[in-house]
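User: Hi, I have a protein open and I'd like a walk through it. Can we start with the record, then look at how the parts meet?

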Amino acid sequence: MTKKILSLCCFILFVAALHAQEDAGILTLDRIYSGEFRTGYLGPFKWFEEGEAYTKLERSASGAGQDLMRYDSRTGEGELLIASAQLVPTGSEQPLDIADYDWSTDQSKLLIFTNTERVWRANTRGDYWVYDRDAQTLTQLGADLPESSLMFAKFAPDGKSVAYVSKHNIYVESLDPGNTRIRQLTTDGTEDIINGTFDWAYEEEFSCRDGFRWSYDGRHIAFWQIDATDIKDFLMINNTDSIYSQIIPVQYPKVGETPSSAKIGNIELASGDITWMDIPGDPYQHYLPRMQWVGESHQLLIQQLNRKQNERKIWLTDALTGKAKNIYTEKDEAWVSVRQGELYELAGGKSFVLNTEKDGWRHLYRFDLDGKEQLLTPGDYDLASVYLINEKENYVYLDASPDNPTQRYLYQVAMKNGKKKRLTPDDQPGTHSYTISPNGKFAVHSWSNANTPPTTEFISLPDHKVLRTLIDNKTYRQQMAELKLSPVEFFTITTADGVNMDGRMIKPLDFDPEKKYPILFNVYGEPAGQTARDSWVSLWDRMMAQKGYIIITMDNRGTPSLKGREWRKSIYRKIGIINSRDQAMATREVLKWPFVDPDRIAVWGWSGGGSMTLNLLFRYPELYQTGVSVAPVGNQLLYDNIYQERYMGLPSENREDFIEGSPVTYAKNLEGDLLIVHGTGDDNVHYQNAEVVINELIRHNKQFQMMAYPNRSHGIYEGQNTRKHLYGLITNYITEHTPPGGVEKTAGKPIRP
């Protein structure tokens, strides 16, 4: 009897161990959000000595604070530059917690950013300290100003002073130990008159945050002033942090509303006088998204967009007098993009390199101040981004992928004749990114593909030789190898309209082509993002594939794929129309695959993808049975003017296009199961968007479900367990309304649990 019991116990333990081994290969939300799977983080990395060395933060051996280390780029030999013990403020026992840092030009002083606070999307407000390596002193900047109120602190070119913004005014502070003083350079800053930084719309849609620039000689500071006086406040409500609700106002110009005005001034530090640049055009009907000094001069290059953003003018201004001369004009039937519109200076400011799509591809042009032009990157291909222009050796390092728009590689292009050479090794297919040293000899190289976890290396250029691995993610890679993961596949599908769309797919575990499976589409589809990329795929997508779904994402016309201007700008005045049709027509082709179950088609997306989800369910109810829409724009007339007018025009001219492209217009057609999710504290896509869709669904007696996340922003991540709760909600809704798993092709529609 004892032997039988012992044998039974052994068998039970064996089965349990076998089951545990099986479970170890399966992803769950608990595992994903427990911190079990972690990838490495390089942290603030700065080039040193023109790239011959670099500095980075490392946890102090003492366990308190961070040491700043210097590494030789060639040898990798490290040395301690500044110990955490040297960064302990007087009266404190703990060293500063460094969020970011910068070096003075001569690298004798360190500017430390700490105690940060979030402004809209990024932590750009906080405290700044300066550590003087020679004097070995630590000094707080703006010590008499409110705590965590400083923004965008920058050393003067000579390193003897620092300028920064506080409460919408610009200050300069001397670092001379014998003559320390703070000067307030602007005095009219308020919540409406914004000096040295930007309002919500400029930051969100033009990536404008830091709003002032030192001149080469440190005698002048050029800056933006935004006048948001007439911008109406959108009121958000906090109902949870007090027994009475609190109103949170956000200056937010809706579509069709007049934008803030912008002007650029030059402060002469010796006198404090401000000279305003005399840029022609109504300041309320134009934008000034980019500005920079010209070489070692007192001239500024200022880029101006008209309200519709289909004309860009570049003005050369005399910063001392304010006089402006138009030296370049670019027009487009759709829009001119300035997100990558920085001008790269050559010949000491006598010529510049411009990123433009004017010839049908995203190319670089060199233009002189007298108007002469030269195409630097000829050929039928798009560049994705520019890493470095080496004028001395006459080449450009850029990011491109002429043969496969789902990938990204490093190319070296000769400026003399436009010949390009791929530097990324051929045996590393996928998505690559680089941070290249100022001298062009070294780079931090990060890469992954859909089936290979990310790695970060330090390489030499142009040979692309790996000198050392900075982040190997060895543990993470081993964890991924132990999971049961289906390989990610790529495909191209041609719609009935003749559109070729790139797609990415993960099939379920133990996929059987003789069975039919449900599809979960992840969609976005607007000009701000491309989803079918050959890069590492989220663990949640892989978990849903493990559950028995085919996971698919596809890029429609209008997405920023490297397929030329016509592909990207065909969506002009057709957001919500052409992109949803492309997705639906591609879905029709996918439904022809023999292993797809047409009765189990789910779709979900976030932001623009949330809008796409609504449009697909409302416009093509015969194709999609289940949808989860997170933070959608329900009515295009409710979004901000810079984004929506750029891609749709002005509602005063073509209001019907905004209405036609808005999901709320077709809410009456809902037939499937819909879950709407929105954060009530979303300052980007206001919770108002969810409510107008909800109202319309109620009006037509359409049943649906919704979830509001109190005070959460557009990212819906604030608060303990928020992301885990959100993805648990999405997972449960999809599995409940679109059952997972393969069924025999002759079987009927699966029964919902």
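Analyst: First, a word on the record: UniProt annotations may be inferred rather than shown by experiment. Also, the model here is predicted.

User: Okay. Where does UniProt place the "Dipeptidylpeptidase IV N-terminal" domain?

Analyst: An unreviewed UniProt entry puts that feature at residues 104–454. This stretch is 50% strand and 2% helix. Its end C-alpha atoms lie 32 Å apart.

User: And which residues does "Peptidase S9 prolyl oligopeptidase catalytic" cover?

Analyst: Residues 543–737, again according to an unreviewed UniProt entry. Here the chain is 42% helix and 17% strand. The end C-alpha atoms are 17 Å apart.

User: What domains is the chain divided into?

Analyst: Domain 1 spans 41–184, domain 2 spans 188–332, and domain 3 spans 482–740.

User: Let's stay with domain 1 and domain 2. How many residues are in contact?

Analyst: On the domain 1 side, 22 residues touch 25 residues of domain 2. The centres of the two domains are 27 Å apart, taken over C-alpha atoms.

User: How much area do domain 1 and domain 2 bury between them?

Analyst: About 1,800 Å². Carbon and sulfur atoms hold 64% of that.

User: Which three residues of domain 1 supply more of its buried area than any other three?

Analyst: Trp 120, His 168 and Ile 170. Together they supply 36% of the area domain 1 buries against domain 2.

User: How many salt bridges are there between domain 1 and domain 2?

Analyst: The count is two. As for salt bridges in this model, one joins the side chains of Lys 154 and Asp 210, at 2.8 Å from N to O. Between domain 1 and domain 2 there are also 10 residue pairs in polar contact, with both residues at pLDDT 80 or more.

User: Which elements of domain 1 give two or more residues to that side?

Analyst: Those are β7 (122–132), β9 (150–155), β10 (161–166) and β11 (169–174). The largest share comes from β10, with five residues.

User: How do the residues on that side divide into nonpolar, polar and charged?

Analyst: There are 14 nonpolar residues, four polar and four charged.

User: New topic, the backbone. Is the peptide bond from Leu 461 to Pro 462 cis or trans?

Analyst: The bond is cis, with omega near 10 degrees. Pro 462 sits in the loop between β34 (452–460) and β35 (465–471).

User: Last one. What is the phi of Asn 701, positive or negative?

Analyst: Positive, at about 55 degrees, although Asn 701 is not a glycine.

User: Where does Asn 701 lie?

Analyst: Look in the loop between α11 (688–699) and β43 (705–709).

How values were computed: Residues numbered from 1 in each chain as written. Predicted model: local features only at pLDDT ≥ 70, side-chain atom pairs only at ≥ 80, totals over all residues. Heavy atoms only, no water. Domains from an automatic or database assignment. Contact = heavy atoms within 4.5 Å. Buried area = accessible area lost by both parts, 1.4 Å probe. Salt bridge = Lys/Arg side-chain N within 4 Å of Asp/Glu carboxyl O. Polar contact = N/O pair within 3.5 Å; in protein donor to acceptor, adjacent residues only side chain to side chain. Helix = DSSP H or I, 4+ residues; strand = E, 2+ residues; numbered from the N terminus. Nonpolar A, V, L, I, M, F, W, Y, C, P; charged D, E, K, R; others polar.
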